[in-house]
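Please open the structure in the viewer and follow the stops below in order. Each stop gives a selection and then describes what is found there.

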Amino acid sequence: KDKKSMTTRTYINMIRIKPEIDFWVSDTLVTQAFYLKVMGNNPSAYLGEEERPVDSVSWYGAIAFINRLNEARGLKAYYDDQGNILDIFNTESFRLLTQDEWDLSAFDKLYAGTNSISNLNKFAWCRRQGTSTTQKVKGLKPNSYGLYDMCGNVWEWVHTGIYRDWE
């Protein structure tokens with residue numbers, strides 16, 4: 001693979017969450033097109049549009065994706081092959097969110113994007129909308145941070161090895 005072709009920011013738009021805490025999150029799920037570009041394959045069960053999120057990736061597969069993305073961008077690996085953090089002070093490389101970071105990013109309101117369950121279908125894909133497959137990313141409204149699909153569409157992996165006190 002041509003590593004230069006993987007250095008464009010075409011597929012990653014990072015959003016800064018809570019500047020005083022200082023962590024960044026991609027505004028969308030990893031798409032099938034981006035996963036294919038980085039990894040050279042697409043394991044998704046729900047094939048179709050390339051802008052659907054990648055699915056059917058194990059936790060170790062997510063770690064491998066992140067390490068390969070870091071390598072392609074000229075950044076240090078964040079994890080070893082078992083998913084252990086190599087350098088806790090590495091703030092430059094891509095990594096999984098911690099559970100605390102994901103919760104803070106996803107639940108900007110009572111639900112992802114809204115305080116009303118009756119409005120949830122404007123922000124999150126769910127069975128109420130009559131869908132049982134993945135949907136194109138950015139198909140619904142983002143939450144107040146500008147993050148799409150923080151609830152619904154696909155499950156998301158996190159790294160639970162770090163605890164942060166948000167108070």
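**A helix pair and a pocket**

Helix α1 passes helix α2 in a left-handed crossing. The model is a predicted one. To view this crossing, select residues 32-39 for α1 and residues 59-72 for α2; their axes come within 9 Å and cross at roughly 70°. The two helices are therefore roughly perpendicular to each other.

Next, display the side of α1 that carries Phe-34, Tyr-35, Val-38 and Met-39; these residues meet Gly-61, Ala-64, Phe-65, Arg-68 and Leu-69 in α2. The residues of this contact comprise seven nonpolar, one polar and one charged.

Then move on to the second largest pocket. Which residues lie nearest its centre? Select Trp-125, Gly-152, Asn-153, Val-154 and Trp-155, which hold that position among the 18 residues of the lining. The space in this pocket amounts to about 460 Å³. Colouring its lining by residue class separates nine nonpolar, six polar and three charged residues.

Key. Residues numbered from 1 in each chain as written. Predicted model: local features only at pLDDT ≥ 70, side-chain atom pairs only at ≥ 80, totals over all residues. Heavy atoms only, no water. Axes fitted to C-alpha atoms, helices over the stretch in contact; angles between N-to-C directions. Helix = DSSP H or I, 4+ residues; strand = E, 2+ residues; numbered from the N terminus. Parallel < 35°, antiparallel > 145°, perpendicular 65-115°, else oblique. Left-handed = near helix turned anticlockwise from the far one by under 90°. Contact = heavy atoms within 4.5 Å. Nonpolar A, V, L, I, M, F, W, Y, C, P; charged D, E, K, R; others polar. 1 Å grid on protein atoms, 1.4 Å probe; cavity = no way out; pocket = protein on both sides within 12 Å on 5 of 7 lines; lining within 4 Å. Points joined across faces, edges and corners; volume = space filled by probe spheres on them.
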